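The sequence and structure are shown first.

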Amino acid sequence: MTSAADPLTLVLVGPMAAGKTSVGRRVARRLGVAFIDTDKRIVAAHGPIPAIFEEHGEAHFRDLERAAVAEALSEGGVISLGGGAVTEAATRELLTEHPVVFLTVSPDAVADRLRGSNRPLLAGEDPLERWKKIFEERRGWYAEVSSATFDTSRRPMQKIADEIVAWRREQR
Ligand code: S3P
């Protein structure tokens, strides 16, 4: 598959703490293209994500996210999306023309990564249970928008990034 906008665009989706940012940054470096984290863009323009959820609600955050995804796709490069971006039909629609990679992670492996997280959807008791439930709710959407899947549970992020780069080069 080649992308209409930019042959080196690559989008990473997957549940919270799957490693989208860590892997994405490495993939971008190896491909020699820009790296964009849409959550970071939203924070830079609108402030911390927990405050956006608290003051304006999740629907507002999803609107900001859709706009950030559209902007990022128009620029090209390696683009990491927030875990919930795929919940919006309009955002999924934006992804249809682009190569999308689904990063998965097991609950066992993600448990450590969730410690100290300030993600509003995991706030409160038993973040791991919430994480599992949310992942199951979204799994079908991740599969729908993506054309390759890589598991990040127990392997070095650099190794996973190398495999994604190899996969991306085969698509051209
Ligand atoms: C969210 C995931 C977060 C962030 C926000 C909502 C979600 O990004 O966009 O807290 O709904 O899964 P990460 O996937 O980078 O944690």
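## Residue classes and the ligand shell

In the classes used here, Ala, Val, Leu, Ile, Met, Phe, Trp, Tyr, Cys and Pro are nonpolar, Asp, Glu, Lys and Arg are charged, and the remaining residues, Gly among them, are polar. The model is predicted. By these classes, the shell around the ligand consists of five nonpolar, three polar and five charged residues.

The shell numbers 13 residues, of which Lys20, Arg62, Gly83, Arg119 and Arg138 come nearest to the ligand.

## Polar contacts and burial of the ligand

For lysine 20, a side-chain N or O atom is 2.7 Å from a ligand oxygen. In aspartate 39, a polar side-chain atom is placed 2.8 Å from an oxygen of the ligand. Arginine 62 likewise has a polar side-chain atom 2.7 Å from a ligand oxygen. The ligand taken alone exposes 390 Å², and 93% of that area is buried by the protein.

## The largest pocket

The largest pocket contains the ligand. Its volume is about 640 Å³. The lining comprises 31 residues, and Met16, Asp39, Ile49, Gly82 and Arg119 are the closest to the pocket centre. Two or more lining residues are contributed by each of helix H1 (20–31), H2, helix H3 (49–56) and helix H4 (58–75).

By class, the lining of the largest pocket divides into 13 nonpolar, nine polar and nine charged residues.

## The ends of helix H2

Helix H2 spans residues 38–46, and aspartate 37 caps its N-terminal end. In this cap, a side-chain oxygen of aspartate 37 lies 2.9 Å from the backbone nitrogen of aspartate 39. Aspartate 39 is also the residue whose side chain has a polar atom 2.8 Å from a ligand oxygen. Just after H2, glycine 47 adopts a positive phi of about 95°.

Terms used:
Residues are numbered from 1 along each chain as its sequence is written. This is a predicted model: local features need pLDDT of at least 70, side-chain atom pairs count only at pLDDT 80 or more; totals for chains, interfaces and linings use all residues. Side-chain values use heavy atoms; hydrogens and water are left out. A residue is near a molecule or strand if one of its heavy atoms lies within 4 Å of it. A polar contact is a pair of N or O atoms within 3.5 Å; within protein, one must be able to donate a hydrogen and the other to accept it, and residues adjacent in sequence count only if both atoms are side-chain atoms. Accessible areas come from the Shrake-Rupley method with a 1.4 Å probe; for residues, only the protein chains shown count as cover. On a 1 Å grid over the protein atoms alone, a cavity is a set of points where a 1.4 Å probe fits but cannot get out, and a pocket is an open set with protein on both sides within 12 Å along at least five of seven lines; lining residues have an atom within 4 Å of a point. A molecule sits in a cavity or pocket if more than half of its atoms lie within 2 Å of its grid points. Helices (H or I, at least four residues) and strands (E, at least two) are DSSP runs, numbered from the N terminus. Grid points are joined across faces, edges and corners, and a volume is the space filled by probe spheres set on the points.
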